[in-house]
Amino acid sequence: MKTALAALALLAASLAAQAQTPSAAPALAPPPAASFDPVVSSADYLAARVRWHRELDAFARADQDGLPPPGGVVFVGSSTVRMWTRLSQDFAGVPGIVNRGFGGSTLADCSLFAHDLVVRYRPRQVVVYAGDNDLAEGRTPLQVLDAFVRFANAVRNELPDARISFVSVKPSPSREHLMPLIRETNHMVSAYLNRLPNSEYIDIFTPMLGADGKPRPELFRGDRLHMTDEGYRLWQSVIASHLVPAPSRPARAGATRILSTHFSGRPSPIAGVVLRRGPARGHRGARTDV
């Protein structure tokens, strides 16, 4: 932890220097290496499992009913993710959407459960939203960044090809007093991701502000913290273009054959159509692909 915090302090210092000299090129430190204290981490992990045992048990039961296939897109984070009940429908064109949001969680919790809620599904992409609960509990932007670095390292160490996408901390009206810290957190995580390969920062903070620079009230429920359907529609419109499409599967060799415009001595109505005479022995049946 000390090594990571020292590297993050260097990152914060470089960001401060960049803010003072806008024309200068950013002199950011490279992403810090993972630091792991087995005693502290084990204690924190066990304590978190006790706190979140109901949510973790629910995920385990869902996996018993049908483990999501590898290569999907895992959304993980706090109640904003958990309450996105139409997540799969909103991204119906993206196969393999998995929702692993657990309400009230922090980015620190997500880093502890990175293996349980992300790595075990072997996704092609992970989309994480968390951080505002950390700030509400009194953590600093630097501590939030530290938690995200630990999360990213845990994912990247086991899934080197997975894309990591961070959704910016949203500007909730009930937490408007935290806006300076939210802006600082978003700025620091964005700067870090600029140095992390195959990652991205997704800005939902800006479109959730009105012309007056304040959170748009129509995007939030009566608690002024969680989002309305209109808020989720906005998120869907922003996030959709950032989701990695599933890789196309190569055709099996010998599964089909392309014929010319003639078949069995008769002209085919469509040139280049993939045709079969009928089910071959040992095959389930004929298939026609265009």
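Modeller: Happy to! Let me begin at the end of the numbering: residues 254-290 keep a pLDDT under 50, and the model gives them 36 contacts beyond four places in sequence. Here pLDDT is the predictor's confidence in each residue, on a scale from 0 to 100, and a contact means heavy atoms within 4.5 Å. This is a predicted model, in which local features need pLDDT of at least 70 and side-chain atom pairs count only at pLDDT 80 or more, while totals for chains, interfaces and linings use all residues. Residues are numbered from 1 along each chain as its sequence is written, and side-chain values use heavy atoms, with hydrogens and water left out.

For the protein chain, the mean pLDDT is 81, with 71% of the residues at 70 or more. Another stretch, residues 12-40, has pLDDT below 50 and makes 32 contacts in the model beyond near neighbours in sequence.

Of the 290 residues, 43% are buried, where buried means under 20% relative accessible area, exposed means over 50%, and partly exposed lies in between (1.4 Å probe, protein chains only). Among contacts with a separation of 6 or more, 71% join residues 24 or more positions apart. The accessible surface of the protein chain comes to about 15400 Å², and carbon and sulfur atoms hold 55% of that; the areas come from the Shrake-Rupley method with a 1.4 Å probe, and for residues only the protein chains shown count as cover.

On to the core itself. A nonpolar core is a set of buried Ala, Val, Leu, Ile, Met, Phe, Trp, Tyr and Cys residues joined through side-chain atoms within 4.5 Å. The largest one has 68 residues, and Phe75, Val76, Phe148 and Phe151 are the members that touch the most others in it. Helix H9 (residues 141-158) supplies the largest share of this core, eight residues. In soluble globular proteins, nonpolar side chains tend to be buried together.

Which residues does Phe75 touch, beyond those up to four places away in sequence? They are Val81, Trp84, Leu87, Phe91, Ile97, Val98, Asn99, Arg100, Gly101, Val127, Ile239 and Leu243.

H9 deserves a look of its own. Its 18 residues reach 26 Å from first C-alpha to last, close to the 26 Å expected at 1.5 Å a residue, the expected span being 1.5 Å times one less than the number of residues. The buried residues of H9 are Pro141, Val144, Leu145, Asp146, Ala147, Phe148, Val149, Phe151, Ala152, Asn153, Val155 and Arg156. Two of these, Ala147 and Phe151, are in contact with Ser111, as is Arg150, leaving aside the neighbours of Ser111 within four places. Ser111 sits in helix H6 (residues 107-112) and counts as buried because its relative accessible area is 10%.

In the loop between H10 (179-193) and strand S5 (199-202) lies Asn198. This residue has a positive phi of about 55° although it is not a glycine, and its 33% relative accessibility makes it partly exposed.

Helix H3 (residues 53-65) shows its two sides clearly. Leu56, Phe59 and Asp63 are buried in H3, and they lie on the same side because they cover an arc of only 60° around the axis, taken from the directions from the helix axis to the C-beta atoms. The face turned away from that buried side carries the exposed residues Arg54, Gln64 and Asp65.

Two more residues are worth a glance. Leu46, in helix H2 (residues 38-51), counts as exposed because its relative accessibility is 52%; its C-alpha is separated by 9.4 Å from that of Leu112, 66 residues apart along the chain. Ser237 belongs to helix H11 (residues 229-239) and is partly exposed, with a relative accessible area of 47%.

Notes. Helix = DSSP H or I, 4+ residues; strand = E, 2+ residues; numbered from the N terminus.
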